[in-house]
Amino acid sequence: MLLIKTSAEIQKRVQTIRCSGDKIGFVPTMGALHTGHLSLIDQAKKENDFVIVSIFVNPTQFNNQLDFDNYPNKTKQDLDLLEEHGVDCVFLPIVQEMYNDDSVLSFDFGYLENIMEGAFRPGHFNGVATIVAKFFNIVNPHKAYFGQKDIQQVAVIKSLVAALSFQLEIIVVPTCRALTGLALSSRNQRLTAQEKKIATMLYQTLVSVRDGICSGDLFDNLKKKEIAFLEQNYGFRVEYLELVESSTLKNCEMKSGGEFAICVAAYLGDVRLIDNLVFVSE
Ligand code: PAF
C-alpha cells in the first residue's frame with residue numbers, strides 16, 4: 001500500500017494510472033475508520049482498478065472547536081486496517097498541504113444551507129465542499145464514494161459536482177448499522193457502553209415514525225411525541241427530526257406516494273449523532 005503525503009506526488013501517480021486506462025475509485029475519510037468506511041472501500045474495490053483513500057480531519061468543516069479537538073485520531077490503526085483491506089494508496093496530507101494560502105472559498109448551496117445540518121452547523125457544508133473540491137482536483141477519480149448516513153452531505157456534493165462540472169460519478173453506499181440498529185459513526189467511539197445502548201433509540205425513533213406515517217399518522221404529531229420521548233426518557237437533546245423528500249431533501253407532506261427520508265440529529269452527552277431512514281410510501 002502506497003502512503004502519499006503531498007498533492008504533487010499523488011497527482012503524478014494518478015496521471016500514470018489514468019494513462020494506463022485503469023479506473024480510480026476514491027474514498028475520502030476523516031479517519032477513525034469503522035465498518036461503514038470499509039463498506040465504501042469494498043464497493044470501490046469491486047468497481048475500480050485502483051483505490052485511493054484519504055485520511056484528513058478537515059478543520060474548515062467543524063463549526064465547533066470542541067468537536068474538532070475531540071475528533072478521534074487513530075491513524076496507525078487506520079493504516080493497518082486499510083492495508084489489510086487491500087487499499088492501493090492512502091493520501092495522508094497535513095493541514096498546510098491542503099490549505100496552503102489564506103484564501104477562503106465560499107459556496108452557496110441554496111436551501112440546503114438552511115435546513116437540518118445546514119441550519120445547525122453554519123459553515124459546515126462550505127468546509128466540506130472546499131475540501132472535497134480540492135480532493136477531486138488532486139485525486140481526479142472516476143468514482144467517489146460517500147455514505148447514505150450523511151444524506152445532506154451527499155446532496156451538497158452532488159450539487160458541487162454539477163456546479164463545477166467534475167467528470168466523475170458519485171456513488172452512495174447504504175448506511176452500515178450495528179445489530180442494534182445504531183448507525184456506525186466515528187463519533188460512536190466517544191460514547192460510553194451505556195450511551196451506545198441508549199443511542200440505538202435514535203434508529204428506533206426513525207422506524208417508529210416511518211411506521212406511524214405509513215399507517216396514516218400525521219408527521220407533526222409523531223414528531224412532537226418522539227422528541228419528547230427521547231428527551232424526557234433518555235436525555236437526548238434533539239436538534240431536528242424532519243420528514244423530507246429523499247431526492248431534494250425538501251420538507252414535504254405525505255399526500256402522495258414517493259421516496260421520503262426521515263432525518264434526525266441529537267446530542268447524547270456532548271456527542272452529536274445523526275441518522276436517517278429512507279423509505280418508499282405508496
Ligand atoms: O464524511 C466525511 O467523513 C467528511 O465530511 C469528508 C467527506 C471526508 C470531507 O472531509
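Modeller: The model is predicted.

Colleague: What volume does the largest cavity have, and which residues are closest to its centre?

Modeller: The largest cavity holds about 850 Å³ of space. It is lined by 48 residues, and the closest to its centre are Met-30, His-37, Lys-149, Asp-150 and Gln-153. Elements giving two or more residues to this lining include β2 (24-29), α2 (35-47), β5 (143-147) and α8. The most comes from α7, with 6 residues. By class, the lining of the largest cavity has 24 nonpolar, 16 polar and 8 charged residues.

Colleague: What makes a space a cavity and not a pocket?

Modeller: A space is called a cavity because a 1.4 Å probe fits there but cannot get out, whereas a pocket is open. The second largest cavity, with about 70 Å³ of space, is lined by residues including Lys-149, Leu-182, Tyr-203 and Asp-275. Both α9 and β9 give two or more residues to that lining. The second largest pocket, in turn, has a volume of about 250 Å³. Its lining comprises 17 residues, and Ile-55, Phe-56, Val-57, Asn-73 and Thr-75 are the closest to the pocket's centre.

Colleague: Which residues of α7 and α8 meet?

Modeller: On the α7 side, Phe-125, Val-128, Ala-129, Val-132, Ala-133 and Phe-136 take part, and they meet Gln-152, Gln-153, Val-156, Ile-157, Leu-160 and Val-161 of α8. This contact of α7 with α8 has 10 nonpolar, 2 polar and no charged residues.

Colleague: How do you know whether α9 and α10 are roughly parallel or roughly antiparallel?

Modeller: The axes of helix α9 (residues 193-214) and helix α10 (residues 219-234) cross at roughly 160° and come within 10 Å. The cut-off for roughly antiparallel is an angle over 145 degrees, so α9 and α10 are roughly antiparallel to each other. The contact includes Ile-198, Leu-202 and Val-209 of α9, with Phe-219, Leu-222 and Phe-229 among the residues of α10. By class, the contact of α9 with α10 has 10 nonpolar, 3 polar and 1 charged.

Conventions. Residues are numbered from 1 along each chain as its sequence is written. This is a predicted model: local features need pLDDT of at least 70, side-chain atom pairs count only at pLDDT 80 or more; totals for chains, interfaces and linings use all residues. Side-chain values use heavy atoms; hydrogens and water are left out. Contact means heavy atoms within 4.5 Å. Helices (H or I, at least four residues) and strands (E, at least two) are DSSP runs, numbered from the N terminus. Ala, Val, Leu, Ile, Met, Phe, Trp, Tyr, Cys and Pro count as nonpolar, Asp, Glu, Lys and Arg as charged, and the others, Gly among them, as polar. On a 1 Å grid over the protein atoms alone, a cavity is a set of points where a 1.4 Å probe fits but cannot get out, and a pocket is an open set with protein on both sides within 12 Å along at least five of seven lines; lining residues have an atom within 4 Å of a point. Grid points are joined across faces, edges and corners, and a volume is the space filled by probe spheres set on the points. Axes are lines fitted to C-alpha atoms, for helices over the stretch in contact, and angles run from 0 to 180 degrees between N-to-C directions. Angles under 35 degrees count as roughly parallel, over 145 as roughly antiparallel, 65 to 115 as roughly perpendicular and the rest as oblique.
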